[in-house]
Amino acid sequence: MGRYIARRLLQMIPVFVGATLLIFLMVNVMGDPIAGLCGERACDTATAAQLKREFGLDKPLWQQYATYMGNVFTGDFGTAFNGQPVTELMATAFPVTIRLTLVAIVFEVVIGITLGVVTGLRRGRPVDTAVLLGTLVVISVPTFVTGLLLQLLLGVKWDWIRPSVPPEATLDELIVPGLVLASVSLAYVTRLTRTSIAENRRADYVRTAVAKGLPRRRVVVRHLLRNSLIPVVTFIGTDIGALMGGAIVTERIFNIHGVGYQLYQGILRQNTQTVVGFVTVLVLVFLVANLLVDLLYAVLDPRIRYA
Amino acid sequence: MRARTRVTWALGVVAAVLPLAACGSGVGAAGGSVLSSSWGDPQNPLEPANTNEVQGGKVLDMVFRGLKRYDPRTGKAENMLAERIETSDSRNYTVTVRPGWRFSNGEPVTARSFVDAWNYGASLRNNQKNAYFFGYIEGYDKVHPDTGRQTANTLSGLKVTGPRTFTVRLNQKFSSFPDTLGYAAFAPLPRTFFTHHKAWLDKPVGNGPYTIESYTKGAQMYLKKWNGYPGPDKARNDGVTLLVYTDSNTAYTDVLAGNLDLVDDIPAGQLKNVHSDLDGRYINTPAGILQTLAFPFYDKAWNTDGARKVRTGLSMAINRAQITRTLFRGTRTPATDWTSPVLGTDGGYKAGLCGRACEYHPAEARKLVQEGGGLPGGQVRITYNADTGSHKEWVDAVCNSINNALGNDHACVGNPVGTFADFRNQISRHRMAGPFRAGWQMDYPLIQNFLQPLYYTNASSNDGKWSNKDFDRLVDRANAETDKAAAIVLFQQAEGVVRDNMAAIPLWYQNGSAGYTDRLHDVALNPFSVPVYDEIRVG
């Protein structure tokens with residue numbers, strides 16, 4: 001197990017370097033970021049030259065990248081154009097997004113898996129058809145439509161929630177945005193669990209468990225569900241990264257100042273330091289989440305061993 | 001047993017992640033007659049000489065008062081901290097500061113507060129983006145040379161002559177110089193700005209009617225009424241909470257739900273239902289913003305006498321009235337000169353100065369384009385940035401109008417650029433192949449500000465590199481003219497040169513718009529489209 005983890009961690013290094021380099025190049029292709037700083041006029045040449053020198057933009061690209069990576073390893077992610085260190089932006093943005101992701105994942109796990117088990121066990125019954133139809137609708141409607149609709153209905157018409165999330169963004173205020181963010185994945189989790197459960201219901205070990213006289217609840221939870229969860233865990237694991245980086249739309253609708261907001265602003269203002277910094281951390285999150293998923297396989301299915 | 005250890009291990013991972021998610025910063029807004037208002041994250045550090053956009057300007061307008069202040073209704077520059085500003089030759093000025101003014105930390109505002117602040121703003125080493133505002137003061141070329149290191153740290157044209165008096169010597173005659181002093185870059189600064197710069201940036205200290213009580217960067221700012229404010233324009237509410245919104249649609253929805261008191265940018269998509277949504281709590285007032293189409297005069301094809309006719313023809317092919325009515329629903333009005341109605345007629349605004357050239361005459365447009373040798377390259381591509389301000393919609397509408405007038409479906413197409421930064425970048429590298437979007441938001445309400453920075457040879461915002469000796473000469477004469485009315489006549493003559501050459505096609509004057517909840521009264525926008533916060537009453 002230890003050696004396996006070590007090998008996986010080592011594999012992350014080339015992925016990490018490659019990903020950051022690609023992002024660095026892409027942001028640079030967009031051109032000179034200083035030009036956008038002076039509004040509808042050209043920055044005076046002296047100030048522009050000095051700003052470039054201060055942000056290191058006058059150096060060749062490979063040197064900029066080398067300096068940047070050197071700084072990253074000492075924990076310095078550079079400074080945004082408004083004078084704030086990128087680490088400070090991260091310290092405010094990531095807790096919010098992690099909370100939002102957590103709410104979304106809880107919804108996926110609790111609602112998605114429950115619905116999946118219920119429909120998987122009652123295939124072809126009305127409840128199954130109803131849930132299938134529901135998931136189809138959720139999958140086909142874009143997130144921003146669901147988001148704006150819920151915001152208007154719950155926030156303005158019925159006055160149940162605040163239409164926007166205040167800057168503190170506590171867990172209870174993130175319930176509706178979390179649901180919106182989770183909606184599509186939730187539908188997929190339901191469908192994955194349903195298929196998996198329905199398939200394994202006829203497996204030998206389930207029949208054995210029933211024949212042993214185990215209570216139905218124990219058969220379903222300990223034997224059937226546990227073995228059916230592998231594809232679902234894979235999906236949720238990769239979804240963590242997607243939810244954190246892909247929350248731009250949801251965060252915009254509900255005015256949440258998380259990672260999506262910082263990335264959006266960073267791209268608009270062509271702020272290399274912010275964009276590369278945040279994406280680098282997201283790449284790391286993605287890699288770690290994938291590793292955790294692989295390790296969870298062994299927990300769920302004792303036949304899987306890592307050496 | 002084996003299974004159990006694995007499960008506890010998995011729980012451990014979850015437990016390790018949870019605390020990360022649990023911490024959040026708590027900033028509470030105070031009750032009472034405090035209002036909340038939409039805001040955008042300022043692009044630059046909040047220093048007066050470094051703030052060149054509306055969002056940062058909003059805060060500076062609440063926290064600072066300068067020598068002059070532009071009247072929120074008329075836009076006229078009136079003395080604020082200045083007791084008097086005297087000159088006999090439009091070049092040497094003596095400024096006397098009123099007694100009794102203080103910064104909110106108790107420090108008195110003196111002549112030195114101004115001189116130190118201006119020297120800081122002009123100095124190249126401080127990277128202040130508004131440094132060029134000090135370019136009229138003698139010695140600017142020493143503290144802010146175009147290339148190389150600065151050879152002086154202070155402007156030789158500024159001298160403190162007493163606790164409340166200082167003199168300014170300009171490098172040329174500039175009669176309306178005192179009227180430019182209401183701009184935020186000329187604000188006074190307390191000593192702590194220089195001695196504890198980092199702390200000051202986290203919580204700026206000024207001399208305006210509000211003090212900054214708390215500031216969470218990127219999220220919100222709470223400004224409290226300063227009870228000891230010595231000025232005449234004391235705040236009529238207890239404070240203002242500015243909340244950062246990424247999307248003005250969300251801010252608008254929040255106002256509908258009563259969750260936010262004031263939104264000062266109504267999204268274009270909501271304009272058709274704003275009257276019924278807000279039941280009259282909607283204001284739409286002219287602002288000092290003019291939208292134009294500029295041309296690349298560095299491109300030979302656009303710099304011929306024939307091209308002049310083509311430009312005038314294009315201008316006559318744009319149905320401004322229809323576009324402003326259907327697309328902008330009255331939040332913009334067709335432009336008929338190169339200034340703005342907020343200047344007022346005695347400030348130099350002259351409706352109809354453009355004449356027939358800014359009216360819709362499709363047949364004449366077609367004739368002029370033909371006489372001018374046709375469109376350069378057979379097609380015009382209007383370049384614009386697609387990320388903000390619904391530019392795509394109006395560029396498409398303008399092109400449509402041109403295509404219809406010229407009877408050619410391919411006469412005009414839009415050429416979107418992804419981000420504003422990239423758009424500015426292409427402009428500054430002179431990459432424009434045809435007309436491009438140019439918006440001008442005035443710095444101060446003077447006709448000079450609508451002409452000189454945009455059309456004077458090599459001026460800071462003369463992006464198309466237009467150059468005309470007659471225009472330059474008239475502007476020089478106008479700046480040297482001590483009589484205000486005479487100066488305005490000269491500026492209008494210079495504007496006539498712009499018209500005769502159609503150096504840029506004026507499109508429309510832009511209004512500022514805002515919506516508010518029924519808690520608020522006396523809501524108004526100033527000519528810079530910023531809400532006049534100190535006059536708002538709550539309850």
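In which helix of chain A is A:V189 found? The residue belongs to helix α7 of chain A, which covers residues 175-200; helices are DSSP runs of H or I of at least four residues, strands are runs of E of at least two, and both are numbered from the N terminus. The model is predicted, so local features need pLDDT of at least 70 and side-chain atom pairs count only at pLDDT 80 or more, whereas totals for chains, interfaces and linings use all residues. Residues are numbered from 1 along each chain as its sequence is written, and chains are lettered from A and ligands numbered from 1 in the order in which they are written.

Chain A contains 13 helices and zero strands. The C-alpha atoms of this chain fill a box of roughly 85 × 55 × 30 Å along the principal axes. Of its 307 residues, 40% are buried; a residue is buried if 20 or more other C-beta atoms lie within 10 Å of its own, exposed if 12 or fewer, and partly exposed in between, with C-beta atoms placed from the backbone. Among the contacts in chain A with a separation of 6 or more, 74% join residues 24 or more positions apart, a contact being a pair of residues whose C-beta atoms, placed from the backbone, lie within 7 Å.

A:V189 counts as buried because it has 26 C-beta neighbours inside 10 Å. Leaving aside residues up to four places away in sequence, A:V189 touches A:E108, A:G112, A:I113, A:G116, A:V232, A:F235 and A:I236. A:T135 is 54 residues from A:V189 in sequence, with a C-alpha to C-alpha distance of 9.7 Å.

According to UniProt (unreviewed entry), the feature "transmembrane region" occurs in chain A at residues 12-31, 96-118, 130-154, 174-192, 224-249 and 275-300; the positions follow the numbering used here, feature names are shortened, and annotations may be inferred rather than shown by experiment. Residues 130-154 of chain A are 92% helix and 0% strand, with end C-alpha atoms 24 Å apart. For residues 174-192 of chain A the figures are 95% helix and 0% strand, with the end C-alpha atoms separated by 26 Å.

Helices α8 (residues 204-211) and α9 (residues 216-228) of chain A pack at an angle of about 150°, and their axes are 10 Å apart. Axes are lines fitted to C-alpha atoms, for helices over the stretch in contact, and angles run from 0 to 180 degrees between N-to-C directions. α8(A) and α9(A) are therefore roughly antiparallel, the term for angles over 145 degrees. A:Y205, A:V206, A:A209 and A:V210 of α8(A) make the contact with A:V219, A:H223 and A:L224 of α9(A). Six of the contact residues are nonpolar, one is polar and none is charged; Ala, Val, Leu, Ile, Met, Phe, Trp, Tyr, Cys and Pro count as nonpolar, Asp, Glu, Lys and Arg as charged, and the others, Gly among them, as polar.

Between the chains, 53 residues of chain A are in contact with 56 residues of chain B. The side of chain A that touches chain B has 25 nonpolar, 18 polar and 10 charged residues.

Most residues other than glycine have a negative phi. A:A169, not a glycine, has a positive phi of about 50° and is placed in the loop between α6 and α7 of chain A. With 23 C-beta neighbours inside 10 Å, A:A169 counts as buried. B:K465 also has a positive phi, near 55°, and lies in the loop between α15 (447-455) and α16 (469-480) of chain B. B:K465 is partly exposed, having 16 other C-beta atoms within 10 Å.

Methods. Parallel < 35°, antiparallel > 145°, perpendicular 65-115°, else oblique. Contact = placed C-beta atoms within 7 Å.
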